[in-house]
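The exercises below are to be worked through with the sequence and the coordinates at hand.

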Amino acid sequence: MPHRAHVLYGQGGATTVRCRVLMVTLVCVAALSSGCAQQTSESRTRPASNGGDAASPSANYTQVVHAAVQETLGTSARTVMKTEMGTTPGEPTYTVTAEGAHDFARNSGNVTAKVGDVAEFDQVLTDDRIYIRGGTGTETMPWSYTDRADAKVQHMLRPPGNDAAHLLRQASMSSGYERFGTEKVAGAATTRYSAPLSHKALAFNMTKEARGKSDQLRDMMGGEIPVTTDVWVDAEGRAVRVRLSLDIPGSVSSTTTLTLGDLGLAVEVTVPTAEGSEDSEAFSG
């Protein structure tokens, strides 16, 4: 079984060289993600409600969304998560994608994450660990792992270990959802709901340092950090897409979108057992 090491991804000889390259890449990703902690716009495309879909004052859309999220968290799904990070207008947008499958009921899954064309990593999530391997170009690292309880949010809108369940839980922590009519998700009719993301949800499972920075940003802005949560609910009452959007015009923008498909289908998770794989003392999602 993989074991714990005292460095990020191994030590000694060629492995150390590879680790340094990978660590530089991860640090760069972290730097980009930290920029997300400085911006948002009132949902990049926050559509007006359709005429016939105006919210009834007595309708409890928050309850609908919370029930839909719990329905999804009780099953399994194929997942595609995409984070787009930008800074000032006209500058490049950086993208992190994570595709895989999750058995939410068993708190497990597998993901392949890509940082643009720079790096690619495989991840396996179990109830108690997150395993990771991958590299940049020809530089690769073997399987390592961290205790799942130690995987914390280091940067806003970036779930630790690319854990799709984290995003769903954030959506279920907000209230004040409004209905914005029907839209298609993967060809299926859904109803879209939108609400501000509460600061409690934004700071959910953050490191102490990240929480301090988010609190400081909230104080600087004189109120809540303007993050919007959008949730798409299908005809069976399941959340099939979640989007968190942060956009401070002229400063920074970040959007993380999770799309879920094939809900209910079996998900096979193979725990790494390769000889020589190591455990990581630190982990950056």
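Contact here means heavy atoms within 4.5 Å, and the model to which this is applied is a predicted one.

**Exercise 1.** Determine which residues Thr-190 is in contact with, leaving aside its neighbours within four places in sequence.

*Solution.* Begin by placing Thr-190, which lies in strand S9 (residues 188-196). Next consider its accessibility: buried means under 20% relative accessible area, and Thr-190, at 2%, therefore counts as buried. With the neighbours within four places set aside, the contacts of Thr-190 are Gly-181, Thr-182, Glu-183, Val-185, Trp-232, Val-233, Asp-234 and Val-240. Finally, look at the polar atoms, where a side-chain polar atom of Thr-190 is found 2.8 Å from the backbone oxygen of Glu-183.

**Exercise 2.** Decide how helices H2 and H3 are oriented relative to each other, and which residues make the contact.

*Solution.* Two packed helices are described by the angle between their axes and the distance between the axes. For H2 (residues 61-73) and H3 the angle is about 160°, and the axes are 9 Å apart. Angles over 145 degrees count as roughly antiparallel, so H2 and H3 fall into that class. The contact involves His-66, Val-69, Gln-70, Thr-72 and Leu-73 from H2, together with Ala-165, Leu-168, Arg-169, Ala-171 and Ser-172 from H3.

**Exercise 3.** Explain why H3 (residues 164-172) is largely enclosed by the rest of the structure.

*Solution.* Count the buried residues: eight of the nine in H3 are buried, so the helix is largely enclosed. Among them are His-166, Leu-167 and Gln-170. Then turn to Leu-168, which is one of the residues with the most contacts inside the largest nonpolar core, a set of 46 residues.

Note on methods:
Residues are numbered from 1 along each chain as its sequence is written. This is a predicted model: local features need pLDDT of at least 70, side-chain atom pairs count only at pLDDT 80 or more; totals for chains, interfaces and linings use all residues. Side-chain values use heavy atoms; hydrogens and water are left out. Buried means under 20% relative accessible area, exposed over 50%, partly exposed in between (1.4 Å probe, protein chains only). Helices (H or I, at least four residues) and strands (E, at least two) are DSSP runs, numbered from the N terminus. A nonpolar core is a set of buried Ala, Val, Leu, Ile, Met, Phe, Trp, Tyr and Cys residues joined through side-chain atoms within 4.5 Å. Axes are lines fitted to C-alpha atoms, for helices over the stretch in contact, and angles run from 0 to 180 degrees between N-to-C directions. Angles under 35 degrees count as roughly parallel, over 145 as roughly antiparallel, 65 to 115 as roughly perpendicular and the rest as oblique. A polar contact is a pair of N or O atoms within 3.5 Å; within protein, one must be able to donate a hydrogen and the other to accept it, and residues adjacent in sequence count only if both atoms are side-chain atoms.
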